[in-house]
Amino acid sequence: MMELLRRKALELGAFRAEVLDVSRVSLDASFRSLCESNACGNYGRNYMCPPDAGGIEELMEEIRSYDCLMVYQTVGELEDSYDFEGMMEAGKRHNELAQKLRAFTRERRKERQDGPESETVCPEEPEGASFLHLGAGGCRVCSVCAKVTGEPCRHPDMAMRSLETYGINVSLLAQEAGMRYINGQNTVTYFGAVFMRGGRPQEPEKERR
Ligand code: SF4
């Protein structure tokens, strides 16, 4: 299943995608203090960001309960390093890719439930596997999160937390996956990952790099 997801991420426009064992993910509770400094303006203003997203220790424990992950990155071109609009546009494209990948995972699982004999069912997906999809930054599904307007989340099936919210050191994760954290001047790079519990990782083959 994870190799299938890796290929799907590339097909959908990811720059790089790799499968890793979860033991290669570095977790650091100190990322929570960065969220609390509220440099991005989302702290307390987005259901998928702290403090609403949950306690850092519990979230890190949850990550440790998974077996493997497929990490991917997207790279957007910018006019220059001040191109805020370009960064937002690249973030939007990253989020669209993440949502398509999530829909793909759900479709595959539904196919398995509907008909285990179906030709389209991936034989690598173990029964009872569970998935967690994490994106970049705060949830970007709505232009203004319902947290701000005091309503319940409008799209709980699409809402997505970030890698950083779970205390994941994305820079070290990129190194583990053999990816660059930054991909050159006038570009912006975003990361996402799909975690799976109940499956086995397939390490990347050398020629794919
Ligand atoms: S889906 Fe909308 S309301 Fe729900 S967390 Fe995301 S931005 Fe907020």
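Select Asn-38 to begin: with 13 C-beta neighbours inside 10 Å, this residue counts as partly exposed. On that scale, a residue is buried if 20 or more other C-beta atoms lie within 10 Å of its own, exposed if 12 or fewer, and partly exposed in between, with C-beta atoms placed from the backbone. Please keep in mind that you are looking at a predicted model, where local features need pLDDT of at least 70, side-chain atom pairs count only at pLDDT 80 or more, and totals for chains, interfaces and linings use all residues. Residues are numbered from 1 along each chain as its sequence is written.

**Backbone stops**

Stay on Asn-38 and check its phi, which is near 60 degrees, a positive value in a residue other than glycine. Asn-38 lies in the loop between α2 and α3. Helices here are DSSP runs of H or I with at least four residues, strands are runs of E with at least two, and both are numbered from the N terminus.

Now select Pro-50 and Pro-51, which are joined by a cis peptide bond with omega of about 0 degrees. Pro-51 belongs to the loop between α2 (31–36) and α3.

Next, jump to Asn-186, in the loop between α6 (170–176) and β4. Its phi is near 55 degrees, again a positive value in a residue other than glycine. Is Asn-186 buried or exposed? It counts as exposed, because it has 12 C-beta neighbours inside 10 Å. For context, most residues other than glycine have a negative phi, and most peptide bonds are trans.

**Leu-59 and its partners**

Go to helix α3 (residues 56–64) and pick Leu-59. Leu-59 counts as buried because it has 20 C-beta neighbours inside 10 Å. Leaving aside neighbours within four places in sequence, Leu-59 is in contact (C-beta atoms, placed from the backbone, within 7 Å) with Gly-54, Thr-165, Tyr-166 and Gly-167.

**The sheet**

Zoom out and switch to a cartoon view. The protein chain has six helices and four strands, running α-β-α-α-β-α-β-α-α-β from the N terminus on. The four strands form an open antiparallel sheet in the order β1-β2-β4-β3. Its edge strands are β1 and β3 (130–134), each pairing on one side only. Neighbouring strands of this sheet are turned by 20 degrees against each other on average, direction ignored. Strands count as paired if DSSP finds at least two bridges between them.

- β1 (residues 16–21) has five of its six residues buried, and pairs with β2 (residues 68–77) in the antiparallel sense over six bridges. Look for Ala-17 opposite Tyr-72 and for Val-19 with its bridge partner Met-70.
- β2 and β4 pair in the antiparallel sense over ten bridges. Select Gln-73 in this pair to find its bridge partner Phe-191 in β4.
- β3 and β4 pair in the antiparallel sense over five bridges. Here Ser-130 stands opposite Arg-197 in β4.

Colour β4 separately: nine of its eleven residues are buried, so this strand is largely enclosed by the rest of the structure.

**The nonpolar core**

Which residues have the most contacts inside the largest nonpolar core? They are Leu-69, Met-70, Val-71, Ala-193, Val-194 and Met-196, in a core of 45 residues. The largest share of this core, seven residues, comes from strand β4 (residues 187–197). A core of this kind is a set of buried Ala, Val, Leu, Ile, Met, Phe, Trp, Tyr and Cys residues joined through C-beta atoms within 7 Å.

Centre the view on Leu-69. Apart from neighbours within four places in sequence, Leu-69 is in contact with Leu-20, Val-22, Val-25, Ala-193, Val-194 and Phe-195. Over the whole protein chain of 209 residues, 34% count as buried.

How values were computed. Two residues are in contact if their C-beta atoms, placed from the backbone, lie within 7 Å. Axes are lines fitted to C-alpha atoms, for helices over the stretch in contact, and angles run from 0 to 180 degrees between N-to-C directions.
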